[in-house]
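Let's take a walk through a protein fold, from its overall layout down to single residues. Have a look at the sequence and the 3D view first, then read on.

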Amino acid sequence: AYVLIALRWFQAAGVDPQTVLAFGGVGGLAIGLASQSLVGNFISGLLLLVTRPFTVNDEIHSDDVEGKVTGIGWNYTEVESPLGSAVKVPNANISASKCVNKTVGIMRGFDVTVPIRFPEGGFDGCQEMLNGLEALLNADDANKEIFGGRKQLEPVAAHLKGMEVTHHGDITPILLVEVRLENRDLDDTIEMRLISQVNVAVIGYLRGLGYSIPGLERSK
């Protein structure tokens, strides 16, 4: 009865009752969806606080964001991106996606890949080149200069990963260097610097043996 009275009142005011009903239906749907999202984020936030897959100051990588956690709320998790931007991610998004915590692990590893071109007849000395590279990167001097004295949980390993076809159609061998360090005082910024230093050391070593690196040769 109250609904009919209200509709007649709108009609008397010159408002089409069908418009009122349509608006009410859309508004109710919007409110329902918003409530569902709010409740989902709240429950996800509660689960994050209880299960503690990460805490403040941990570095996480998920489908939606990567960076250092600066706050965990009921609805949003606040993350500082590697570029310093503050990002608020709905907790439901984090709970529904794969989330990697890079802080809590004992080991922090990374791989460095370098495309190479063998010198003439150089493939015969491939294993010798790999052994020499491992000896170089596992030496005490390299541990200080490249890795900052950080403890290596496994010796640095060098492999010929395989072949890749470049966008020019050339077949290029790929050198793989595996680094496994103790996960102490490491973050994404330091890791990128270490990767750069390993790249520089590997390329310098290879060029000293007569190997060339696609993309680094001067155009003639």
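## The big picture

Start with contacts, meaning heavy atoms within 4.5 Å. Among contacts in the protein between residues at least 6 apart in sequence, 61% join residues at least 24 apart. Keep in mind that this is a predicted model, in which local features need pLDDT of at least 70 and side-chain atom pairs count only at pLDDT 80 or more, while totals for chains, interfaces and linings use all residues. Residues are numbered from 1 along each chain as its sequence is written, and side-chain values use heavy atoms, with hydrogens and water left out.

The protein has six helices and eight strands. Both kinds of element are DSSP runs numbered from the N terminus: helices are H or I with at least four residues, and strands are E with at least two. Read from the N terminus, the order is α-α-β-β-β-β-α-β-β-α-α-β-β-α.

## Inside and outside

How much of the protein is buried? Of its 220 residues, 30% are. Here, buried means under 20% relative accessible area, exposed means over 50%, and partly exposed is in between (1.4 Å probe, protein chains only). The accessible surface of the protein comes to about 14000 Å², and carbon and sulfur atoms account for 57% of that. These areas come from the Shrake-Rupley method with a 1.4 Å probe; for residues, only the protein chains shown count as cover.

Leu46, Leu49, Val50 and Trp74 make a nonpolar surface patch of about 380 Å². Patches are built from residues with over 30% relative accessible area and no salt bridge, joining like charges within 9 Å and nonpolar side chains (Val, Leu, Ile, Met, Phe, Trp, Tyr) within 5 Å. Val50 sits in helix 2 (residues 17-51), and its relative accessible area of 61% makes Val50 exposed.

## Two nonpolar cores

Now for the inside. A nonpolar core is a set of buried Ala, Val, Leu, Ile, Met, Phe, Trp, Tyr and Cys residues joined through side-chain atoms within 4.5 Å. In the largest one, which has 30 residues, Val177, Val198, Val202 and Leu206 touch the most other members. Strand 6, helix 4 (126-138), strand 7 (152-165), strand 8 and helix 6 each supply at least two residues of this core. Helix 6 gives the most, with nine residues.

Which residues does Val202 touch, leaving aside those up to four places away in sequence? They are Val114, Leu133, Leu137, Leu175 and Val177. There is also a second, separate core of eight residues, including Phe54, Ile60, Val65 and Ile94.

## Salt bridges

The structure holds seven salt bridges. To count as one, a side-chain nitrogen of Lys or Arg must lie within 4 Å of a carboxyl oxygen of Asp or Glu. Take Arg108 and Glu191, whose closest N and O atoms are 2.7 Å apart. Arg108 lies in strand 6 (residues 107-115) and Glu191 in helix 6 (residues 188-208), so the pair ties together parts that are 83 residues apart in sequence. Both Arg108 and Glu191 are buried.

Arg180 and Asp111 form another salt bridge (3.1 Å, N to O). Arg180 belongs to strand 8 (residues 171-182) and Asp111 to strand 6, so this pair links parts 69 residues apart in sequence. Arg180 is buried, at 19% relative accessible area, whereas Asp111 is partly exposed at 42%. Arg184 and Glu182 pair up too, with their closest N and O atoms 3.3 Å apart. Arg184 counts as exposed at 54% relative accessibility, while Glu182 counts as partly exposed at 21%. Salt bridges that share partners also join Glu59, Lys102, Arg108, Asp188 and Glu191 into one network.

Strand 3 (residues 76-80) and strand 4 (residues 86-90) pair in the antiparallel sense over five bridges; pairing takes at least two bridges found by DSSP. Glu80 stands opposite Ala86 in strand 4. The two strands form a hairpin with five residues between them, and Gly84 in the turn has a positive phi of about 95°.

Asn57 has a positive phi of about 85° although it is not a glycine. Asn57 is in the loop between helix 2 and strand 1 (59-61) and counts as exposed, at 53% relative accessibility. Asp185, not a glycine either, has a positive phi of about 55°. Asp185 is in the loop between strand 8 and helix 6, and at 64% relative accessibility Asp185 counts as exposed.
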